[in-house]
Amino acid sequence: MPRAAVIGSPIAHSLSPDMHNAGYVARRLDSWTYHRFDVDEAGFGDFMSRLPVDAPDVTGLSVTMPLKFRALDFADEVTPRAALIGSANTLVQMGHAGSRPLWRADNTDCDGVVGALRTLDLQANEDDSTPRKAVLIGAGGTARPALWALAQEGFAHVTVLNRSDRSAEFKELIDALGITVDFQQLNSEATERLRELALGADVLVSTVPSAALAGCERALAHTKVFDVIYDPWPTSLIKQAAANGYRTAGGHTMLLHQGVQQFEQFTGHTAPVAAMEAALHRALQLR
């Protein structure tokens, strides 16, 4: 019986089993099941070495924190976008070398961000030659696939707002994407500057916890907003942007679209998006 699972720590809160198992039912993949395993960074190597014995039918892994960097290093093959971003949230078994499974690493967080952005009606006007602009808040692990996704969606200029200067860590990624990125400090006291940045942007993407934006929400909520947080929901930033009349998207949309791509890589079948989305919303309502 083929199985897939999500690994990370903590993991009890994960909604991936609800989403993937609903997909298996909708696609009538009766032999497939999806599980969760609590695996911390120290235990990752042992877990992967024991997997062929303890769970030889697990052929796909969704990887969450703190294991996304370890997964990339562990894989036998890495997709170009995962290598560029520097982390992986997906491991797919490709076959075996003797008794050892061979794993391919990918980063479907990219697809998750693209899917969320596309719900915001950001299509460029064909008659408008003005470069599209975005504001990206945060410079951590989720910011990298977010920057990749913005580039794929045609954003030529991105302003990154962060408490500290981490521009050097992004140089290789920015050079590869071929976009202009401006790094500025996120400062709750500079509200007029933040407001001007938001007003001049086509979209704002926040990859930081809600608490990190305390005091900045009103200034930033002057454009369409995608906030990667989905619990608790809605965030203060989302509430403010919606109150100002702007379209918004949340982390649950990203979770859905990255999971859809994982489902297809794991099973080889087209994902039943509507069934997976319905299961995700049901699980969120129970929280």
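## An exposed loop residue

R28 is exposed, with a relative accessible area of 71% (exposed means over 50%, buried under 20% and partly exposed in between, with a 1.4 Å probe and protein chains only). R28 is found in the loop between α1 (16–26) and β2 (33–38); helices (H or I, at least four residues) and strands (E, at least two) are DSSP runs numbered from the N terminus. Its phi is positive, about 60°, although R28 is not a glycine.

## Basis of the model

This is a predicted model, in which local features need pLDDT of at least 70 and side-chain atom pairs count only at pLDDT 80 or more, while totals for chains, interfaces and linings use all residues. Residues are numbered from 1 along each chain as its sequence is written, and side-chain values use heavy atoms, with hydrogens and water left out.

The protein chain is divided into domain 1 (4–108 + 253–284) and domain 2 (122–246), with bounds from an automatic or database domain assignment. Their centres, taken over C-alpha atoms, are 28 Å apart. In domain 1, 8 residues are in contact with 11 residues of domain 2 (contact means heavy atoms within 4.5 Å).

The two domains bury about 880 Å² between them, 76% of it on carbon and sulfur atoms; buried area is the accessible area (1.4 Å probe) that two parts lose on being put together, summed over both. On the domain 1 side, L84, I85 and M254 lose the most area to domain 2, together 61% of what that side buries. The elements giving two or more residues to this side are α4 (80–85) and α11 (251–267), and α4 has the largest share, 3 residues.

## Other backbone features

D121 also has a positive phi of about 60° although it is not a glycine. D121 lies in the loop between α5 (109–118) and β7 (132–137) and counts as partly exposed at 42% relative accessibility.

The peptide bond from M65 to P66 is cis, with omega near 10°; P66 sits in the loop between β3 (58–63) and α3 (68–74). The bond from W233 to P234 is cis too, with omega near -5°, and P234 lies in the loop between β11 (224–227) and α10 (236–243). Most residues other than glycine have a negative phi, and most peptide bonds are trans.

## A buried strand residue

S206, in strand β10 (residues 203–206), is buried, with a relative accessible area of 0%. Leaving out residues up to four places away in sequence, S206 touches I137, L213, F226, D227, V228 and L237.
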